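Please look over the sequence and the model before reading on.

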Amino acid sequence: MQTPGFRPEKAVELIAQLSIDRASQLLSKLVKTGARISLEKAYVTDLSETTARINGEEVQGEVIGAIIDVTGDAPFKFLFYAEASSCLLLTDLILQRKVGTAKECDIYVQSSVQEIGNILASGVCGVFAADFDIRMRPTPPKVVHDFLGTVFQEFVMETAAETDQVLIIESRFHLDRYNLSCNMFILPLPGTEEVINNICKTKFKGE
Amino acid sequence: MPIENKVLVGVGDIKIDKAPAVLSTFLGSCVAVCLYSPSRKVGGMVHYLLPKAKEMQEGKIPKKEKYADTGIPELLRRLKNVFNIEKDDFVAKIFGGANVLRMVNRRVGEENVAAARAILRELKIVVVSASTGGEKGYKLDFNLATGKVSCQIFNEEIKEY
């Protein structure tokens with residue numbers, strides 16, 4: 001797949017890489033099966049173009065996602081989502097039930113997606129805190145069960161109101177054993193990229 | 001089944017076209033205003049985020065498409081300029097404005113819908129149909145050959161407006 005937009009600075013790419021590696025490890029541990037990153041990219045893009053692209057994605061059925069606001073020195077928004085059928089499977093894996101037990105998007109499924117979102121966002125915060133000395137705190141996840149286009153729009157809404165060009169860190173995980181894909185987006189709020197670059201410059205200069 | 005001639009409309013975006021194009025988008029708390037000229041079979045859609053544009057800061061011009069008060073007049077301006085049609089030939093349809101995240105402190109969706117109605121009233125453009133509010137997303141396909149908007153609220157049947 002071609003990377004849309006242009007590339008961000010190296011420091012952001014580094015933190016994106018570390019965050020996604022960490023999130024991948026946590027997801028594997030949570031569902032007790034290996035997760036492979038099949039797509040990973042960080043890019044600066046126009047929001048209208050990106051949302052139009054998402055609106056054109058083939059998978060436009062129902063998805064379940066967790067949107068998390070991460071506050072602190074370098075605030076960002078975090079989105080985890082998967083197709084509803086994949087979320088049912090993830091729920092069975094997390095609850096260690098027989099695969100196929102979950103039949104609909106009930107409270108267990110919503111709680112599982114909420115928990116995945118929470119754990120992954122906390123993992124990303126951990127990378128910021130441990131490796132870059134940036135204090136971050138995730139707020140409780142908001143679980144949304146809707147069209148992909150609608151979920152993504154609510155995710156970018158706040159940032160879109162502030163700026164036209166955004167940095168997006170996008171990753172797709174694949175659980176080979178179950179042929180299941182899920183997606184993760186990190187959307188730094190305006191000013192965050194600068195904070196990360198400044199901290200990295202200072203840190204690496206000092207070492 | 002995939003729609004031919006589909007034109008995707010993103011967030012903070014305006015698209016105008018003529019038959020047989022179909023303008024498509026998904027909405028949450030955003031609102032889409034569709035303008036259509038039945039006699040010429042041309043129309044357009046603005047998909048905006050907020051009711052009112054921020055004041056210009058340090059010479060920076062906000063993107064008109066993101067706001068109701070600048071986006072709706074901009075959509076009309078483009079349609080008039082490109083297709084040479086008078087304002088009175090257009091009818092309007094309004095969609096979206098849901099409270100998807102169930103926010104209690106600020107209901108952006110409701111504000112967006114109210115802004116659309118007020119601006120269209122000011123422009124003296126008749127609103128012939130609308131589907132707004134609720135807590136679920138909207139999928140829209142605006143067919144410029146017929147002027148009909150196929151609207152599906154998440155987990156509900158498709159309706160035509």
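What percentage of the 207 residues of chain A count as buried? The share is 46%. The model is a predicted one.

## Chain A in outline

Chain A contains six helices and seven strands. Along the sequence, these elements follow the pattern α-β-α-β-β-α-α-β-β-α-β-β-α. Among the contacts in chain A with a separation of 6 or more, 74% join residues 24 or more positions apart.

## Helix H2 of chain A

Helix H2 of chain A covers residues 47–55. Seven of its nine residues are buried, so the helix is largely enclosed by the rest of the structure. The buried residues are Leu47(A), Ser48(A), Thr50(A), Thr51(A), Ala52(A), Ile54(A) and Asn55(A).

## Gln153 in helix H5 of chain A

Gln153(A) lies in helix H5 of chain A. This residue is buried, with 29 other C-beta atoms within 10 Å; the cut-off for buried is 20 or more. Leaving aside residues up to four places away in sequence, Gln153(A) touches Thr51(A), Val11(B), Phe26(B), Gly28(B) and Cys30(B). Thr51(A) is also one of the buried residues of H2(A).

H3(A) is mostly covered, with eight of its eleven residues buried. These are Ser86(A), Cys87(A), Leu88(A), Leu89(A), Leu90(A), Thr91(A), Asp92(A) and Leu93(A). After H3(A) comes Gln96(A), which has a positive phi near 55°.

How is the packing of two helices described? The angle between the axes and the distance between them are given. Helix H3 (residues 84–94) and helix H4 (residues 107–132) of chain A pack at an angle of about 80°, and their axes are 9 Å apart. H3(A) is therefore roughly perpendicular to H4(A), since angles of 65 to 115 degrees count as such by definition. On the H3(A) side, the contact is made by Cys87(A), Leu88(A), Leu90(A), Thr91(A) and Ile94(A). On the H4(A) side, Tyr108(A), Val109(A), Ser112(A), Val113(A) and Ile116(A) take part. Sorted by class, the contact has eight nonpolar residues, two polar ones and no charged ones.

## Two sheets in chain B

One open sheet of chain B has five strands in the order E2-E5-E4-E6-E7, with mixed pairing. E2 and E7 stand at the edges with a single partner strand each, so one side of each is left without a neighbour in the sheet. From one strand to the next, the twist averages 15°. Within this sheet, strand E4 (residues 31–37) and strand E5 (residues 42–48) of chain B pair in the antiparallel sense over seven bridges. Met45(B) in E5(B) is the bridge partner of Cys34(B). Strand E6 (residues 91–96) and strand E7 (residues 126–132) of chain B run parallel and are joined by six bridges. Here Ala92(B) stands opposite Val127(B) in E7(B). Together with helix H2 (residues 108–122) of chain B, E6(B) and E7(B) make a right-handed β-α-β unit.

A further open sheet of chain B also has five strands and mixed pairing, in the order E1-E3-E8-E9-E10. Its edge strands, E1 and strand E10 (158–160), each pair on one side only. Neighbouring strands are turned by 25° against each other on average, direction ignored. Strand E8 (residues 138–143) and strand E9 (residues 149–153) of chain B pair in the antiparallel sense over five bridges. Tyr138(B) has Ile153(B) in E9(B) as its bridge partner.

## Where the chains meet

How many residues of chain B are in contact with chain A? There are 23, and they meet 21 residues of chain A. Strand E3 (residues 22–27) of chain B supplies the largest share of the chain B side, four residues. By class, the chain B side divides into eleven nonpolar, seven polar and five charged residues.

Notes:
Residues are numbered from 1 along each chain as its sequence is written. Chains are lettered from A and ligands numbered from 1 in the order in which they are written. This is a predicted model: local features need pLDDT of at least 70, side-chain atom pairs count only at pLDDT 80 or more; totals for chains, interfaces and linings use all residues. Two strands pair if DSSP finds at least two bridges between them. A crossover is right-handed if, with the strands pointing away from the viewer, the path from the first strand over the helix to the second runs clockwise. Two residues are in contact if their C-beta atoms, placed from the backbone, lie within 7 Å. Ala, Val, Leu, Ile, Met, Phe, Trp, Tyr, Cys and Pro count as nonpolar, Asp, Glu, Lys and Arg as charged, and the others, Gly among them, as polar. A residue is buried if 20 or more other C-beta atoms lie within 10 Å of its own, exposed if 12 or fewer, and partly exposed in between; C-beta atoms are placed from the backbone. Axes are lines fitted to C-alpha atoms, for helices over the stretch in contact, and angles run from 0 to 180 degrees between N-to-C directions. Angles under 35 degrees count as roughly parallel, over 145 as roughly antiparallel, 65 to 115 as roughly perpendicular and the rest as oblique.
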